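Please look over the sequence and the coordinates below before reading the notes on packing and covalent links.

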Amino acid sequence: MKGIVCLILVLCISSGSSAGTVRPTVWIDADPACGTGRTADVDDCWAIAFALTSRQFTVPGLSIVFGNAERAVTYQTAEMLLEALRQKAPDRLLPNLYGGAHKAISTKSSSSLAVQAMARTLSVQKMTILA
């Protein structure tokens with residue numbers, strides 16, 4: 001996830017903030033644990049919070065997967081993070097959350113809601129997927 005933080009910073013620096021500039025669209029696929037369980041890996045939460053409070057780009061969706069913790073934990077963590085952001089800025093438009101993989105997937109695995117949501121979004125607009 002450290003790659004997501006770096007890419008978000010690069011996008012912000014390179015995209016500028018002048019009026020009329022089209023903001024890049026970014027989909028975030030993450031496993032935010034934010035210090036829960038046996039890991040204290042907080043980089044996903046910082047990246048999500050930064051992306052959603054920045055005016056530099058648009059985030060149409062967040063797919064939440066297992067990794068730093070079980071998917072149920074990472075999804076609940078993402079919900080709590082969005083709620084905290086919503087309380088801080090009630091008028092801010094926040095993206096939908098989509099449940100992604102519960103475990104490593106193979107090419108024979110069925111599609112998740114997260115994959116379907118990303119595909120729908122990609123069918124109507126260009127975007128960068130950060131994972």
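This is a predicted model: local features need pLDDT of at least 70, side-chain atom pairs count only at pLDDT 80 or more; totals for chains, interfaces and linings use all residues.

Leu62 illustrates the packing: leaving aside residues up to four places away in sequence, Leu62 touches Trp27, Ile28, Ile48, Leu52, Leu82, Pro95, Asn96, Leu97 and Tyr98.

## Packing of α2 and α3

Two packed helices are described by the angle between their axes and the distance between the axes. For α2 and α3, the axes come within 11 Å and cross at roughly 35°, and the crossing is right-handed.

On the α2 side, Cys45, Ile48, Ala49, Leu52 and Thr53 meet Thr77, Leu81, Leu82 and Leu85 of α3; the residues of this contact divide into 7 nonpolar, 2 polar and no charged.

## The disulfide

The structure holds 1 disulfide, formed by Cys34 and Cys45, whose sulfur atoms lie 1.2 Å apart in the model. The link is left-handed, with -70° about the S-S bond. It joins distant parts of the chain, since Cys34 sits in the loop between β1 and α2 and Cys45 in helix α2, 11 residues apart.

How do the two cysteines count, as buried or as partly exposed? Cys34 counts as partly exposed because its relative accessibility is 29%, whereas Cys45, at 8% relative accessibility, counts as buried.

Note on methods. Residues are numbered from 1 along each chain as its sequence is written. Side-chain values use heavy atoms; hydrogens and water are left out. Contact means heavy atoms within 4.5 Å. Axes are lines fitted to C-alpha atoms, for helices over the stretch in contact, and angles run from 0 to 180 degrees between N-to-C directions. Helices (H or I, at least four residues) and strands (E, at least two) are DSSP runs, numbered from the N terminus. A crossing is left-handed if the near helix is turned anticlockwise from the far one by less than a right angle, and right-handed if clockwise. Ala, Val, Leu, Ile, Met, Phe, Trp, Tyr, Cys and Pro count as nonpolar, Asp, Glu, Lys and Arg as charged, and the others, Gly among them, as polar. A disulfide is a pair of cysteine sulfur atoms within 2.5 Å. Buried means under 20% relative accessible area, exposed over 50%, partly exposed in between (1.4 Å probe, protein chains only).
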